[in-house]
Amino acid sequence: MSMPGGLRDLLKAISSSKSGIIGVAILLIITGVSVFAIIFVPFDVVSKWNNPIFWLENPRVAAPEWVTFITGKNIPSTIRIPPEKFNKYEYYVEASGLKYITLDARFDFNYDDFPSELTVILYANYSKSRPLVTIKLVRPDTLEATLYKNVIDNPVVYFYISTDNAIKENVYNFLLILGTNTNRTIYPEKCLFAINNENMGNSNLAQILKGSYRIKIELIATDESDTANAEFISYGQVQGLAGTDYKRHDLFIGLVWGAPVALAFGLSAAIATSIIQSFLGALSAWYGGIVDEIVQRVTEIYMILPFLPFLILISLIYEINLWVLIVIIIALSLFGGVTKTARSVTFQIMSEQYIEAAISYGASKLRILFLYIMPRLLPYIVANIVLAVPAYVFLEAALSVLGLGDPLVPTWGKIISDAYSSGAVIHGWWWWILLPALLIMITAMAFALIGYALDKYANPKLRER
Amino acid sequence: MKRVVFLILTLIASIYLTIIIANAGGLIDQIITSQIKYDIRTNLARTPGWSQLPEEDKTRILQERYNLTIKAKGLDKPFFERSIIYLYDALTLDLGRALFLTSASGTKQVSVIILERLPRTILLFTTGTIGYSILGLYLGLRMARRPGSIFDRITTMFAVITQAIPAWFFGILFILLFAYQLRPLGISIPFGGMVSVPPPTDPISYVLDVMYHMALPLFTWIFSIFGSWAYITRNLAMQSSAEDYVMAAKAKGLSENQIINRYILRPSLPPIITSISLSLISSWQGAIITETVFAWPGLGTLFYQAIESLDPPVIIGLTVVYAYLLVITIFILDLVYSILDPRIKVGIR
């Protein structure tokens, strides 16, 4: 009987099997992404991810940009007209004491589909009384829709053209004037960009009107020093490499940052539990007697205890973050299947001659355990670590799906759980679930493939009989 | 005999640990008592005439009601004393009453709540476990017949990859596929719940409706596990096919099926039976996350509801039932082995 030797054999086992090489290759890519994330995306994830204002300029649930290449359709991306791109005309009329400001910008809309949302942001600067604001959209067919005409309440106003009820009412009137009556819900972002025909008010049948649009904002203010700037955003339906979610997060950043978190979490939990369980197994076999009896009984008790329910219970009662979670996982898996296997492997090691030699020259029991037995267990421990990582990555995801994960750090599991609870499955926002799911699966697959190459180390009984 | 004593001690210790952890070492008591106090106070404040009462009357009534509720819930004794009572009740399978959860029939008896959910979990997960065991056994033996063949290698890779991915994860992906992506093709498979709302009235269409709802979770459960089963069976069969007596049987000119049935399958049966019986038992516990993903109202969901509403009696009840089943099965397996294989003696491991 020959026990597989040291770590060098382990590397040989990986490099001599196809699955091992593929696994390592995938793992290197993921590690590369992690390093890339840490170095090149200087991004304070935790605070920025949870700050909605930071993501304001992204469209809601937009698909990844590369969808355009697959569908062959020119899906709109976000058009943002910053304040400096607006043409500004202002003049003051002494006689009436009124100041007229006109902000005007053109944009080309040549996409095959409608924008997902429209927003105008107005930064007004007034001293005495509030200015009267008129917002108009001039279409390529020279029709002019008045979206808003009222006095503004604040110096900075966000006009959510797609959701604001007053604006919807104005768009409805615009349709009425054109002779298109509809009792359907009005979607301004569709009606305003639709060809003028009887389907204009029908969001399902409306056809897109391509061409050059103009957004015109007119202010009537009361003081000569009053001025205003504006910003216009026509949100698209595609964004970035990985799309966006319901809270407008750029998923690419979340996914890239998920890699180091997943690796760190999975590896640290796997390393700690494998080492502890193996050590206790070796201890149990080497000392024998009462120690063996106790470790074996405690292992059996641990195997009856419902691990996942306890973990859920603890994360429910105490607000825990990712790293406390690891500590709890380790505490709940001090003993387990690995303890039993490590014990039987240790029995095999104990029967070897160099242990006998060590005993005969008078090495202490503890010395033999740490310097003679544990190093021989190392390949087995490493193989187990590799095999255990996916389970912990998925465990974090499972807790997230139950709503018990770390509420602040964007992990792959949390992105999936957000998608799941926002009904991404039913609405068909596939990228929001599929991309993080693919990443988790690829990571798990990498470890599984390497683990398969190390099978004979992880299941020593399997090959030796 | 020694084995039996140890099994019983293991059972007692694990149930007691469950009681401690499920009550978070008494912390849940504090949460519940303060909740009770708050409920009583808000209830009384809504009663007409409450504000006119003198202050000492208010305190007295509040205290009286509080004491009564605490006593009714059995929270008046110290936690340690109660944990011992809980242990005794649990061991005698007197599961007691839930604090908050009720069964559909309206009782708070934990045993009724569990029994109400059990058939649903058995329906889904035990069917699934039997399904993947048979499928895995069949595929595993086929793989072992020609190790290294393309079929063997593909199934092994499938097993290696699927065993790293949990069932609930496949569940989400399949829901995405069937609930949305295939909808334009006219395929719509229900992906949540156990029956339609409202449920059909006549028994036949009710059964059909349940089966229709069961299709996707059952498929997911079998899909995610049968690969690793096939792989385990394959390895066990490979071990026995390397034995000398298989060689001898081959030399005798026995047919391949005879060799598989008599010389390969039979010696690999003990570990296979162990794994099947253990996974059958754990299938009765349901799968918390898979059931949650598919909104399947079984024991897994019950476990989660109990945890969510901080209802220790239900958590303990579920664990006790599971622990009993597990320990009894281990004992029976030991007995069966000692009968099957005289080399194994109960008590010596």
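Which domains does the domain assignment give for chain A, and which residues do they take in?

**Entry 1: getting started.** I noted that this is a predicted model, where local features need pLDDT of at least 70, side-chain atom pairs count only at pLDDT 80 or more, and totals for chains, interfaces and linings use all residues. Residues are numbered from 1 along each chain as its sequence is written, while chains are lettered from A and ligands numbered from 1 in the order in which they are written.

**Entry 2: domains of chain A.** I found domain 1 at 5-52 + 249-462 and domain 2 at 67-235. Such bounds come from an automatic or database domain assignment. I then looked up the C-alpha centres of these two domains of chain A, and they lie 54 Å apart.

**Entry 3: an open sheet.** I followed five strands of chain A in the order β2-β3-β8-β5-β6, an open sheet with antiparallel pairing. I took strands (E, at least two residues) and helices (H or I, at least four) as DSSP runs, numbered from the N terminus. Two strands pair if DSSP finds at least two bridges between them. Glu90(A) has Ile101(A) opposite in β3(A).

**Entry 4: strand β4 of chain A.** I saw that β4 (residues 117-125) runs antiparallel to β9 (residues 227-235) of chain A, joined by nine bridges. Ala124(A) has Ala228(A) as its bridge partner in β9(A). β4(A) is also joined to β7 (residues 156-160) of chain A, by five bridges and again antiparallel. There, Tyr123(A) is partnered with Val156(A).

**Entry 5: where the chains meet.** I counted contacts (C-beta atoms, placed from the backbone, within 7 Å) and got 36 residues of chain A against 37 of chain B. Which element of chain A gives the most to the side that touches chain B? α16(A) does, with 11 residues. By class, that side of chain A has 32 nonpolar, one polar and three charged residues. Here Ala, Val, Leu, Ile, Met, Phe, Trp, Tyr, Cys and Pro are nonpolar, Asp, Glu, Lys and Arg are charged, and the others, Gly among them, are polar.

**Entry 6: chain B.** I listed 13 helices and zero strands in chain B. Its C-alpha trace spans about 100 × 65 × 35 Å along the principal axes. Its radius of gyration is 27 Å, whereas a compact globule of 349 residues would be near 20 Å; the value is taken over C-alpha atoms, and the rule is 2.2 Å times the number of residues to the power 0.38. Of those 349 residues, 32% count as buried. Buried calls for 20 or more other C-beta atoms within 10 Å of the residue's own, exposed for 12 or fewer, and partly exposed lies in between, with C-beta atoms placed from the backbone.

**Entry 7: one proline.** I found Pro407(A) in the loop between α13 and α14 of chain A. Is Pro407(A) buried or exposed? It is exposed, because 12 other C-beta atoms lie within 10 Å. Its C-alpha atom is separated by 8.9 Å from that of Ile320(A), 87 residues apart along the chain.

Note on methods: Two residues are in contact if their C-beta atoms, placed from the backbone, lie within 7 Å.
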